[in-house]
Amino acid sequence: MVSKRRILVIGGGIGGLTAGVALGRKDVDVTVVEIKPDNTVAGVGINIPGNALRALRRLDLLDDTVNHGYTFDRVDFHDSASVHLATVPSKLGIDGVPANCAIQRRDLAQLLEKACIDSGVDIRYGTTVETVTPAATGVRATLTDGTSDTFDLVVAFDGIRSSQRKRIFGVEPVHTGYSVWRVALPRHTAVTSNMYFQGMGTKAGLFPLNEKTMYLLHVTPEPGNPRHEREQFFELLQTRLDGYTGLIGDLAAGLVPTDDIVYAPIEEVFLGGTWYRDGVLVLGDAAHAMAPHRTQGAAMAIEDAVALGEVMSRPGAVTDLVGEFQERRFGRCKMIQDASKNILLSEMNTTDQDSLDRQIEFLKNDLVRVAHQVDDELNTAF
Ligand SMILES: Cc1cc2nc3c(=O)[nH]c(=O)nc-3n(C[C@H](O)[C@H](O)[C@H](O)COP(=O)(O)OP(=O)(O)OC[C@H]3O[C@@H](n4cnc5c(N)ncnc54)[C@H](O)[C@@H]3O)c2cc1C
């Protein structure tokens, strides 16, 4: 009898839990170790675009995701006074999936965890790896729960600050010079899809998360990546929203002090060569964290996980399969990382009236065409 393939996944975030389901459903023996003591997640909400919804459908998780979320099929762009500039209908809603589904991060984490458990995945919270070393057959991992075992493959889905990536490749994330502020608010009735508002050198946005909740985001230049104290978040966010009128101006004026403001530097990671060395495959944000401007970071982690499950269900040497896997994923992740960065830079390089006017003209005249080129790429098989 052929023994089951054994895979250790480091990190039980969006990618790691999806990998648990994808591998568990393919009869792989999967252990997921998550350093946090439980499945609580920081952050507000997240948009799952159509390409990732199609990936989740391959795991029978589409209905569950959509039932917890808020689907929408377009993005609207405005100026800082809420004057409408452009509507970008998404082309991602093909093959019977919605174009987008916004969902609370907590709901997504819970449904992925449940699917892991139903697929026989061994999830260990409050646990990480102490050592990972190549062995005669596979990789030997010692865990902080006192156990050690040999695996055919270790997959590092340990996020943007990945200690495995740092250990193996010595690569650290790079701050783009910009950061994003987010806060959940009661959903305004006008917010039925993602809405963006181009300011001078900044951009605000509103995302519906479900019938009752939306979140406000604000992307701002934060040169030098300063560390702001949590107690200052409210005041700093309000100050940075000065200059917006219309809907954003009204929401900014109505903000009340809260501890629930999330501040995140926008950082990128790209592993330019192989993602695999000495038995460890680095995936998700650990390999290709990107600006959130096409809402594709988690989407790429989900696609990585689903593709991994499919590749690892086949017979063959793990090193060959990993090569094939990276072939499938590398160009696509690089394409969307570059596209996201280009949007960030074009929105932020609006620091005087001339450059702002050029950006407004771009939004009015060219945005739909450029966005659809990227959608067309994302609609191809991965
Ligand atoms: C402001 C903002 C908005 C975003 N919006 C979107 C969006 O709308 N749509 C979208 O697709 N993406 C979005 N993203 C990106 C998305 O959040 C990430 O791309 C996604 O979470 C990456 O998944 P991951 O599993 O690779 O990493 P994570 O989800 O970060 O998970 C990593 C996990 O590993 C655990 N871990 C870390 N170190 C260890 C260790 N040593 N041992 C064990 N466990 C460990 C962590 O606790 C964590 O649970 C956004 C990002 C930002 C910053």
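A polar side-chain atom of Asp 285 is placed 2.6 Å from an oxygen atom of the ligand, in what is a predicted model. Polar backbone atoms of Ile 14 and of Ala 299 also face oxygen atoms of the ligand, at the distances listed in the table.

| Residue | Protein atom | Distance to a ligand oxygen atom |
|---|---|---|
| Asp 285 | polar side-chain atom | 2.6 Å |
| Ala 299 | polar backbone atom | 3.0 Å |
| Ile 14 | polar backbone atom | 3.5 Å |

Taken alone, the ligand would expose 1000 Å², and the protein buries 84% of that area. The ligand is surrounded by 31 residues, of which Gly 15, Glu 34, Asn 47, Thr 128 and Asp 285 are the closest. Sorted by class, this shell holds 14 polar, 11 nonpolar and six charged residues. At least two shell residues come from each of helix H1 (14-24), strand E2 (29-34), strand E3 (45-49), strand E13 (174-186) and helix H9 (297-312), with H9 giving the largest share, four residues.

The second topic is Arg 332, which belongs to helix H10 (residues 318-348). Is Arg 332 buried or exposed? Arg 332 counts as buried because its relative accessibility is 9%, and the cut-off for buried is under 20%. A polar atom of the Arg 332 side chain lies 3.1 Å from the backbone oxygen of Thr 380. Leaving aside residues up to four places away in sequence, Arg 332 touches Asn 51, Met 300, Glu 303, Glu 377, Leu 378, Thr 380, Ala 381 and Phe 382.

Terms used
Residues are numbered from 1 along each chain as its sequence is written. This is a predicted model: local features need pLDDT of at least 70, side-chain atom pairs count only at pLDDT 80 or more; totals for chains, interfaces and linings use all residues. Side-chain values use heavy atoms; hydrogens and water are left out. A residue is near a molecule or strand if one of its heavy atoms lies within 4 Å of it. A polar contact is a pair of N or O atoms within 3.5 Å; within protein, one must be able to donate a hydrogen and the other to accept it, and residues adjacent in sequence count only if both atoms are side-chain atoms. Accessible areas come from the Shrake-Rupley method with a 1.4 Å probe; for residues, only the protein chains shown count as cover. Ala, Val, Leu, Ile, Met, Phe, Trp, Tyr, Cys and Pro count as nonpolar, Asp, Glu, Lys and Arg as charged, and the others, Gly among them, as polar. Buried means under 20% relative accessible area, exposed over 50%, partly exposed in between (1.4 Å probe, protein chains only). Contact means heavy atoms within 4.5 Å.
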